[in-house]
Amino acid sequence: MMFLSCALAGTAGESEYNYNSVGEGGEWFDEGFPNTWYMKDEDGDGRDDFCRCVGIGSNTRVACMKAGEKGFYGSAAQGGDQKTFTAPNSPTDCRDRTVHPLFGAPN
């Protein structure tokens, strides 16, 4: 299984990888389709959200895991749902759409 591990902004002096994406019940996060993930502030709160294409078949969407004060939503520390919101202008079929991992723009 895949997971997201990173150092969050505002955590200077803490562990190098102070956030891990294990949920409240110990479940791993949905990393989405290959080459569709990116980190960008999609909801305008000043924190980069982790977004990726998720779904089954052609019923897909770009779901974002909102960044909160204690980590990403869906984590044990922050709580909530890892598929917090659908990205603005999410294509209806994103599974074969590769994006730049920092900007979310199609490659």
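Me: Is the disulfide of Cys51 and Cys64 right-handed or left-handed, and why?
Reply: In this predicted model, the torsion about the S-S bond of Cys51 and Cys64 is about 110°, so the disulfide is right-handed. The two sulfur atoms are 2.1 Å apart.

Me: Where do Cys51 and Cys64 lie, then?
Reply: Cys51 belongs to strand β4 and Cys64 to strand β5, so the bond ties together parts of the chain that are 13 residues apart in sequence. In the pairing of the strands, Cys51 also stands opposite Cys64.

Me: Buried or exposed, those two?
Reply: Cys51 and Cys64 are both buried.

Me: How many disulfides does a search of the whole structure find?
Reply: The search finds two, and besides the bond between Cys51 and Cys64 there is one that joins Cys53 to Cys94, with an S to S distance of 2.1 Å. The link of Cys53 and Cys94 is right-handed, with 85° about the S-S bond. It connects distant parts of the chain, since Cys53 sits in strand β4 while Cys94 sits in the segment after β8 (85-86), 41 residues apart. Both Cys53 and Cys94 are buried.

Me: What's the pairing if I number the bonded cysteines in sequence order?
Reply: Counted that way along the protein chain, the pairing is 1-3, 2-4.

Me: Switching to the sheet: in what order do the strands come?
Reply: The order is β3-β4-β5-β8, four strands in an open sheet with antiparallel pairing. β3 and β8 stand at the edges with a single partner strand each, so one side of each has no neighbour in the sheet.

Me: How many bridges hold each pair?
Reply: Strand β3 (residues 38-40) pairs with β4 over three bridges, β4 pairs with β5 over seven bridges, and β5 pairs with β8 over two bridges. As for individual positions, Tyr38 stands opposite Cys51 in β4, and the bridge partner of Cys64 in β8 is Phe85.

Me: What's in the turn between β4 and β5?
Reply: These two strands form a hairpin with two residues between them, and Gly57 in the turn has a positive phi of about 60°.

Me: And how many residues of β4 are buried?
Reply: Six of the eight residues of β4 are buried, which leaves the strand mostly covered.

Me: Which residues make up the largest nonpolar core?
Reply: That core has nine residues in all, namely Tyr38, Cys51, Cys53, Val62, Cys64, Phe85, Ala87, Cys94 and Val99. Strands β4 (49-56) and β5 (59-65) each supply at least two residues of this core. The cysteines of the disulfide between Cys51 and Cys64 and of the disulfide between Cys53 and Cys94 are among the core residues.

Me: What does Val62 touch?
Reply: Leaving aside residues up to four places away in sequence, Val62 touches Tyr38, Cys51, Arg52, Cys53, Phe85, Thr86, Ala87, Ser90, Pro91, Cys94 and Arg97.

Me: Which residues does the second core include?
Reply: The second core is separate and has five residues, including Phe29, Phe50, Ala67 and Phe72.

Methods. Residues numbered from 1 in each chain as written. Predicted model: local features only at pLDDT ≥ 70, side-chain atom pairs only at ≥ 80, totals over all residues. Heavy atoms only, no water. Core = buried A, V, L, I, M, F, W, Y, C linked by side-chain atoms within 4.5 Å. Buried < 20%, exposed > 50% of the residue type's maximum accessible area, 1.4 Å probe, protein only. Contact = heavy atoms within 4.5 Å. Disulfide = S-S within 2.5 Å. Pairing = 2+ DSSP bridges.
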